[in-house]
Amino acid sequence: MFKNLRTHLINFRQLVRIMGWLLMIEAGFMLFPTFTCLAYGESDWLPFACTALLTGGVGVLFAFKANPTSQHMGKRDGFLLTAMVWVIFSLFGLIPFLFCSNPLSYSDAFFEAMSGFTTTGATVLNSVSDMSHGVHLWRAMMQWIGGMGIILFTLAVIPMLNHSGGMQMFNAEVTGITHDKIRPRISQTAKSLWFIYLLLTLILILLLWCGPMSFFESVCHAFGAISTGGYSSSSSGIAQWHDSIYIKSVLIVFMFLGGVNFGLIFKTVQGDFSALRKNDVFRVYVTIIGIMLVMFSISILLRGQYTDWQSITIDPLFQIVSTITSTGFTVNNFESWGPYVLSLTFVMMFFGSCAGSTSGGAKIDRILYLFKNAKNELYRCLYPNSILSVKVNGKVVSPELVSKVIAFLCIYMLLTVGGGMALTLFDVPLIDAFFSSFSCLSNTGLGAGITGYGNSYDILPDAAKWILSALMLIGRLEIFTVLVLLTPAFWRR
Amino acid sequence: MKIVIAGAGEVGSHLAKLLSNEEQDIMLVDDNAERLAILDANYNLMTVVGSPTSFVGLREAGAGNCDLFIAVTPYETNNIVACSIAKNLGAKTTVARISTYDFMDPANESHVKRMGVDRLIYPEYLAAQEIINALKRTWVRNWFELHDGRIILAGVKLRQGAPIVGMKLKDFAFTNRNFHVSAIKRNHETIIPRGDDHIDVGDILYFTTTRDHIQELISLTGKTEQRIKRVLIMGGSKIAIRLVNLGHEEFRFKIIDNDLDNCHKLPQKCPDCEIIHGDARDTDLLADIGIADMDAFIALTDSSETNIFTCLTAKELGVKKTVADVETIQFISQAENLNIGTVVNKKLLASSTIFQLLLDADSSTAKCLALADAEVAELEARPGSKITRSAVKDLSLPRDLTLAGLIRGDEGMLITGNTVIEPGDHVLVFCLAGALHKVEKLFN
């Protein structure tokens, strides 16, 4: 009866074993770029094949030599494992970048890998087109795996994690304030979410392929859009297809879907349309996009940038959806839309979209809590004795949850400012420093180029790249999972 | 299996955790959001905040297409209503927890069925039955029998001086072919023993045997059988009332209760029973009542601690058999290690009943046995199931379950490595917590 009581603070052996399984999965994913290189007759197949072997080998070693004495996993194990997985995946995922035909430095490669897995989509590559097809596919796949979540994928495929230990990992990785399950067992929830994700990806690939994109480009951009990552396989990014209304419209729709709570999409797919209508967060999401479109269009008109009807409809809409979902694709003349648009971009990067989606940012759910609570506080100035509650989706939210959300948002702002200040230490201009810091923490990855500082993140000093990589990880795991590891209480009994 | 549990009280949460560990799909409905939040964050199950007696709440929980609906809120009327709603929505089987005998009365069976309740759990009744069993067989801790005792599983605590203490299990098995040691409970933990394990003082051994060898078992374990006649009950609880009603012909009961109002109500409910107003923790009062002449002492107050300690006192005062109701699950293991005869727990009894339901066992012939970290179940081997394919020793069974005995036709027999289980056999399976789903796979 007492055998489940813990003897260790952290069950390291069990963590190593699960890490082994995870690495084997990563090795499996690496086979895709290997074969792509072989198919296109590129020399990059060798680094990919070697990395896959190395990753798989380490995985097997970890999985079968750890011999945990107990299967038990508590909260600490969940937090630690989830945070470590993202770092270790990046460490193995960067190896092909080091040895490919256009090798990157170690800092650059880590930045690129972390940016991929966290679906930030910030790149250090100046001329993307020079890379081999294998590298393109690997960059796209990193985002795709990271988009729905590495842990969530593992929960879906490894039945051994279908217990409360898996629960802890789920809680540590999935975005949002409360972690709503959509099916009773954690593996079923993970399977359902990944099924929706896979389905949307396949539809998007087909739709893009029907347009002017080649099959390979369709796959890369589909992975980048649905995961709200934003890597492109072309140097000029999505601007290469600037003339195609079709491509832009399709991408708008799917980036938008990438920003919707996947649990909600699951319910809607099952035929429960009322769930969509009743969801406050979804309504606010749509409303914000609408308001932003009006403001963008006005700004464009005022700056005299109007060229044709597209320039005040599709183009700004594309940019808005791309920013708010933290995808980070940019349209051609975004830079010339003026500073007001840039400040709106700041706001949207901060907001992000719905919790439980693949997008980044602070999430609209939290902003909704914040505003409703702020309204209550103002009302309370006049009527101090009134009892007011924050109500979202028709349900009253407990004060503890509201205070957790406000703490989150405070730390979020502090991290942005702190990150920006740290960058200025390395001679990055003020605006660019804060923009980059914000862009990485919210996993948007809008290029530093927008603020007129260099073409890509390549221009930043190495130290700045490591800082930004850390911010990406913190942002992707929604702050608490990473920061709790830094508290003394985590390591003490 | 899709299971909806209405009510996240003590029984509800216990069942939800247990069944979730058994790899079942659990939905837990309750209107207390805080209680659910804790369970939701830490266990592999899904929770729905809503009233268990509302169509809205039960629809959201998916009661309409669940295989099993279990209503275990604190009030039996709520449970009946919840079952009725769930059944009407389309639940396959509904189970309601009740707390009065009225619903269980065979005369009312068809009415209850029409209300949409398929099965009833009456933990107080099960506890009373368990106590009666303990009084009839003072030398065992637990007793489980199939088909009128053709196969019996008995849990016996070994004291210093028992003839088999110190033996290796394989030596014991070699000389005593009529017994199968299915499990050993040692230091808070139940283990499925192997041939090299020793039998130690203080172990609770679970023997499987047939009816004819009971006397032999008593002498092997160094026990003596005692006849119980006079029984003192502390606490006029629901279990006490059930117990007196069930056993008043066989035993002479005295109930001691410190609540005067309750004392006045008891004579109506308990026939042929002496009621005493007072506190049983008072040794002078116990001496006054004549504790020394009592054969058994049963502690059934709401406080587990009080029950455990008064039982210890009663033992010291010379009572031969004591039984304590221990509702705090954490205490059960401790209480079993103390010198208390039998421990009953309503939650374990309730969950044991649900397990029987899950395994689709014919529970009409079996009496459930509730242990803190193990389950005993009777299953029928289906034609073509994995269990019937080869001899038991070649089945490579998981280490956390054991096949103890079987009933073929009308004959009870023990299972050895060479036994081949045939379709239609009723098999007695002893499994540790978490192994139930493995059992299910073996038999279906």
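Me: Which residue of E11(B) is the bridge partner of Lys185(B)?

Reply: In this predicted model, the bridge partner of Lys185(B) in E11(B) is Ile204(B).

Me: What makes strands E9 and E11 of chain B a pair, and in which sense do they run?

Reply: Strand E9 (residues 180–186) and strand E11 (residues 204–209) of chain B are joined over five bridges, in the antiparallel sense.

Me: Why are E7 and E10 of chain B called edge strands?

Reply: The open sheet to which they belong has five strands in the order E7-E8-E11-E9-E10 (chain B), with antiparallel pairing. Strand E7 (142–146) and strand E10 (189–191) of chain B each pair on one side only, and they are the edge strands. On average, neighbouring strands of this sheet are turned by 15° against each other, direction ignored.

Me: Why is Met167(B) not simply called buried or exposed?

Reply: Met167(B) has 17 C-beta neighbours inside 10 Å. A buried residue needs 20 or more, and an exposed residue has 12 or fewer; the count of 17 falls in between, and therefore Met167(B) is partly exposed. Met167(B) belongs to the loop between strand E8 (151–157) and helix H7 (169–175) of chain B. Apart from neighbours within four places in sequence, its contacts are Phe172(B) and Ile199(B). The C-alpha atoms of Met167(B) and Asp200(B) are 8.0 Å apart, although 33 residues separate the two in sequence.

Me: Why is strand E5 of chain B described as largely enclosed by the rest of the structure?

Reply: Strand E5 (residues 93–97) of chain B has five residues, and four of them are buried, so the strand is largely enclosed. A residue counts as buried if 20 or more other C-beta atoms lie within 10 Å of its own.

Me: How do you know that E5(B) pairs with E4(B) and with E6(B)?

Reply: Strand E4 (residues 68–71) of chain B meets E5(B) over four bridges in the parallel sense, and Thr93(B) of E5(B) is the bridge partner of Leu68(B).

Me: What makes E14 and E17 of chain B edge strands?

Reply: They belong to an open sheet of six strands in the order E14-E13-E12-E15-E16-E17 (chain B), with parallel pairing. Strand E14 (273–277) and strand E17 (342–344) of chain B each pair on one side only, and they are the edge strands. From one strand to the next, the twist averages 20°. Within this sheet, strand E12 (residues 230–234) and strand E15 (residues 296–299) of chain B run parallel and are joined by four bridges; Ala299(B) of E15(B) is the bridge partner of Met234(B).

Me: What makes helix H15 of chain A mostly covered?

Reply: Ten of the eleven residues of helix H15 (residues 314–324) of chain A are buried, including Leu317(A), Phe318(A) and Ile320(A). The buried residues of H15(A) pack against helix H11 (245–258), helix H14 (280–302) and helix H16 (339–351) of chain A.

Me: How is the packing of helices H1 and H3 of chain A described?

Reply: Two packed helices are described by the angle between their axes and the distance between the axes. For helix H1 (residues 12–40) and helix H3 (residues 75–93) of chain A, the angle is about 35° and the axes are 10 Å apart. Their crossing is right-handed. Among the residues that make the contact are Leu15(A) and Ile18(A) of H1(A) and Leu81(A) and Met84(A) of H3(A). By class, the contact has twelve nonpolar, two polar and two charged residues.

Me: How many residues of chain B are in contact with chain A?

Reply: In chain B, 14 residues are in contact with 14 residues of chain A. Strand E2 (25–30) and helix H2 (33–42) of chain B are the elements that give two or more residues to this side, and E2(B) supplies the largest share, three residues.

Definitions and conventions
Residues are numbered from 1 along each chain as its sequence is written. Chains are lettered from A and ligands numbered from 1 in the order in which they are written. This is a predicted model: local features need pLDDT of at least 70, side-chain atom pairs count only at pLDDT 80 or more; totals for chains, interfaces and linings use all residues. Axes are lines fitted to C-alpha atoms, for helices over the stretch in contact, and angles run from 0 to 180 degrees between N-to-C directions. A crossing is left-handed if the near helix is turned anticlockwise from the far one by less than a right angle, and right-handed if clockwise. Two residues are in contact if their C-beta atoms, placed from the backbone, lie within 7 Å. Ala, Val, Leu, Ile, Met, Phe, Trp, Tyr, Cys and Pro count as nonpolar, Asp, Glu, Lys and Arg as charged, and the others, Gly among them, as polar. Two strands pair if DSSP finds at least two bridges between them.
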